[in-house]
Amino acid sequence: MNVELFGASGTLGSAVQKALEVKGHEVIGITRKSGKFRADIQDIESLRAVYKQIGSFDHVACAAGDVFPAPLEQTTDEQWANSFKSKAMGQINLVRAAIPFIADKGSFTLVSGVLTDEVTFAATIGTTINYTVEGFVKGAAFELPRGLRINCVSPTVLTEPKAYHQLAHRFFVPGQNSQVAVPVFYREVHYFRVPRQPPMVPFNPQPDRRFAN
Ligand SMILES: NC(=O)c1ccc[n+]([C@@H]2O[C@H](COP(=O)([O-])OP(=O)(O)OC[C@H]3O[C@@H](n4cnc5c(N)ncnc54)[C@H](OP(=O)(O)O)[C@@H]3O)[C@@H](O)[C@H]2O)c1
C-alpha cells in the first residue's frame, strides 16, 4: 500500500514513517521545506498541486499542524486564526483536495491530540482545534464517496517535544518517546468508518417550512 504522509520529517511523522516502512508500505513524505514532494497544508492550491504531481495513491496520513497555546484571557486573534488555519483547516483541506486523486476505498488518518479529552490550563485553543478535527472526521466519514474511510488518532504526549510537557504535565507519561508511542498512535483511535446505511429519508435541499410563521 502507498501512503502520503504529511509532516514526515517531524517528531511524530518520522516515527510513523519508520513504522509503516518496517511493515513494507511505501511512504511518500510531504512537508513544506524538505524532500521531493512539498506542500503547505494551509494552502489548498499547493495541496492540489502535490497530489497531481504524485498521481494516484491509496492512503493519506497527517502528522502536521500547529496550535498556539496561551492562557485563554491572553490569547490573540492571530493565535486563534493561525491555529484554525493550520491544524484544523489544513487537515480538512488536505482531505478535500485529495478526493479527486485517492484510490477507491482509500483512507485518511488525521491527528488530533490529548487535549480533546484532557483539558488543562492554556490549552483552550488546542482543545477547540482537536474537537474541530474530530468533528470533521465524524461528518466526513458519513459523506465520503467511493468507500473512502477516514479516522483520527490521538497520540500520547511524546518525550521529545519539550514544549508540550509544561502544558501536558497532568497526563504526560514520562518515557514514552515517539518509537514507543507509535503503537499507541495506532491504538488510541477515534475510529470512524462508513458502515452506516444512507439516511432513510433522502436529503431535502428545500428549507423546512414546518416551523415558519
Ligand atoms: N509531539 C507530540 O507529543 C504530539 C502529541 C499529540 C499530538 N501531536 C500533534 O501531532 C502533530 C505533529 O506534531 P510533532 O510534535 O511531530 O510536530 P513537529 O515535530 O514540529 O513536526 C511537524 C511536521 O509537520 C510539517 N509541517 C508543519 N507545518 C506544516 C504545514 N503548514 N504544511 C505542511 N507540513 C507542515 C513539518 O515540516 P516542515 O516544517 O518542513 O513543513 C514537520 O515535518 C501536531 O498536529 C501535533 O499537535 C503531537
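Reader: Where is the place of Phe101?
Author: Phe101 sits in the loop between α3 and β5, where helices (H or I, at least four residues) and strands (E, at least two) are DSSP runs numbered from the N terminus. Residues are numbered from 1 along each chain as its sequence is written. Please keep in mind that this is a predicted model, in which local features need pLDDT of at least 70, side-chain atom pairs count only at pLDDT 80 or more, and totals for chains, interfaces and linings use all residues.

Reader: And why does Phe101 count as partly exposed?
Author: Phe101 counts as partly exposed because it has 18 C-beta neighbours inside 10 Å. A residue is buried if 20 or more other C-beta atoms lie within 10 Å of its own, exposed if 12 or fewer, and partly exposed in between, with C-beta atoms placed from the backbone.

Reader: What is Phe101 in contact with, leaving aside neighbours within four places in sequence?
Author: With those neighbours left aside, Phe101 is in contact with Tyr51, Ser56 and Phe57, a contact being two C-beta atoms, placed from the backbone, that lie within 7 Å.

Reader: Stepping back, how many helices and strands does the protein have?
Author: There are 6 helices and 7 strands, and from the N terminus on they run β-α-β-β-α-β-α-β-α-β-α-α-β. Of the 213 residues, 35% count as buried, and among the contacts with a separation of 6 or more, 66% come from residues 24 or more positions apart.

Reader: What about confidence, i.e. what pLDDT does the protein average?
Author: The average is 82, and 74% of the residues score at least 70, where pLDDT is the predictor's confidence in each residue, from 0 to 100. Over residues 180-205, however, pLDDT stays under 50, and for that stretch the model has 37 contacts beyond four places in sequence. Where pLDDT is low, the predicted coordinates should not be read in detail.

Reader: Which residues come nearest to the ligand?
Author: Of the 31 residues around the ligand, Gly7, Gly10, Arg32, Lys33 and Ala64 come nearest, and a residue is near a molecule or strand if its C-beta atom, placed from the backbone, lies within 6 Å of it. The elements that give two or more residues to this shell are α1 and α3 (77-98). The shell divides into 15 nonpolar, 12 polar and 4 charged residues; Ala, Val, Leu, Ile, Met, Phe, Trp, Tyr, Cys and Pro count as nonpolar, Asp, Glu, Lys and Arg as charged, and the others, Gly among them, as polar.

Reader: You mentioned α1, so which residues are buried in α1?
Author: In α1 the buried residues are Leu12, Gly13, Ala15, Val16, Gln17 and Leu20. Helix α1 covers residues 11-22, and its 12 residues should span 16 Å at 1.5 Å a residue, which agrees with the 17 Å between its end C-alpha atoms; the expected span is 1.5 Å times one less than the number of residues. Gly24, with a positive phi near 90°, follows α1.

Reader: How many residues has the largest nonpolar core?
Author: The largest nonpolar core has 46 residues, and Leu5, Phe6, Cys62, Ala63 and Leu94 have the most contacts inside it. Such a core is a set of buried Ala, Val, Leu, Ile, Met, Phe, Trp, Tyr and Cys residues joined through C-beta atoms within 7 Å. Helix α3 gives the largest share of this core, 7 residues. As for Phe6, its contacts outside four places in sequence are Ile30, Ile41, Cys62, Ala63, Ala64 and Leu94.

Reader: How far apart in space are Leu72 and Ala122?
Author: Leu72 and Ala122 are 6.0 Å apart, C-alpha to C-alpha, and 50 residues apart in sequence. Leu72 belongs to the loop between β4 and α3 and is exposed, with 10 other C-beta atoms within 10 Å, whereas Ala122 counts as partly exposed with 14 C-beta neighbours inside 10 Å.
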